[in-house]
Amino acid sequence: MTDERSRVRLNVALYVAVVVCGCVALLLLYLHVSTSDNEVNGTDVVPGAGQDVGRGTVEAVRLANDTEQERIAAQLDAATKMVTAFVNFDYEEPQSTIEAVKSMATGTFLSQYSQGAKDLEKLAAEAQSDMVAEVVWAGLVAGDDDTATAIVATSGTVRNKTTEFQPEARNYRIQVDLVLEDGRWLTKDLQYVALG
């Protein structure tokens, strides 16, 4: 009975010590962050920059200003819309897909897609192929005021003669290269990325 009480007292004491140490650590972290200079050359940076996190030092990362955030959002929106149009296809209404893709394309990609559209239409009709997909995520790889590269992932299904008209899963990662033309982000190149 005495051993049991001693064990309970020891457990309570250890619990209190852990809680107190945790509170002290949080207080010290708060004081350190609140008193540290969160600016580098007059630009806001991510809090914690320069701290060792066990796997290296956190680098000072400049936070995007409102203009950059709006530009990035527009770039991701353009890439998402293009991929959504590109991967959804109904062999009975191929022109809706073809025209949607062409309206968001430019340069070499527009030329190549326009040239291949008739073959795409013919092959889809022969196979009676439908594809339905949605974008599940999109991320910017690189971007500036005039160009951007995004990776867009989709999840969907395809139905055709080969699948005996049963839906089969099709998931893709697609790289979209964008260029700003007359105030619109247009696709200048589009290619599938291997799913590793």
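A word on what we are looking at. This is a predicted model, where local features need pLDDT of at least 70, side-chain atom pairs count only at pLDDT 80 or more, and totals for chains, interfaces and linings use all residues. Residues are numbered from 1 along each chain as its sequence is written, and side-chain values use heavy atoms, with hydrogens and water left out.

Back to E99. Its side chain meets that of K102 in a salt bridge, at 3.9 Å from N to O. By salt bridge I mean a side-chain nitrogen of Lys or Arg within 4 Å of a carboxyl oxygen of Asp or Glu. K102 is partly exposed too, at 28%. Both residues lie in helix α3, three residues apart, about one turn of the helix. Helices here are DSSP runs of H or I with at least four residues, strands are runs of E with at least two, and the numbering goes from the N terminus.

Please stay with helix α3, residues 94-103, for a moment, as T97 is found there. T97 is buried, with a relative accessible area of 6%. Leaving out residues up to four places away in sequence, T97 touches A85, N88, F89, D90 and Y113, where a contact means heavy atoms within 4.5 Å.

D77 is partly exposed at 37%, and K81 is partly exposed at 48%.

The other joins R159 and D130, at 3.1 Å from N to O. This pair links distant parts of the chain, with R159 in strand β5 (residues 147-159) and D130 in strand β4 (residues 130-143), 29 residues apart. R159 is partly exposed at 35%, while D130 counts as buried at 14%.

Strands β4 and β5 run antiparallel and are joined by twelve bridges; two strands pair if DSSP finds at least two bridges between them. A hairpin of three residues connects β4 to β5. V132 has T157 in β5 as its bridge partner, and T157 also stands opposite A169 in β6. Strands β5 and β6 pair in the antiparallel sense, over twelve bridges.

Last stop, the largest pocket, with a volume of about 330 Å³. On a 1 Å grid over the protein atoms alone, a pocket is an open set of points with protein on both sides within 12 Å along at least five of seven lines, and lining residues have an atom within 4 Å of a point. Points are joined across faces, edges and corners, and the volume is the space filled by probe spheres set on them.

Which residues lie nearest its centre? Of the 15 lining residues, they are F86, F89, L120, M131 and Y192. The elements giving two or more residues to this lining are α2, α4 (107-127), β4 and β6 (168-181), and α4 gives the most, with four.

Note on methods: Buried means under 20% relative accessible area, exposed over 50%, partly exposed in between (1.4 Å probe, protein chains only). On a 1 Å grid over the protein atoms alone, a cavity is a set of points where a 1.4 Å probe fits but cannot get out, and a pocket is an open set with protein on both sides within 12 Å along at least five of seven lines; lining residues have an atom within 4 Å of a point.
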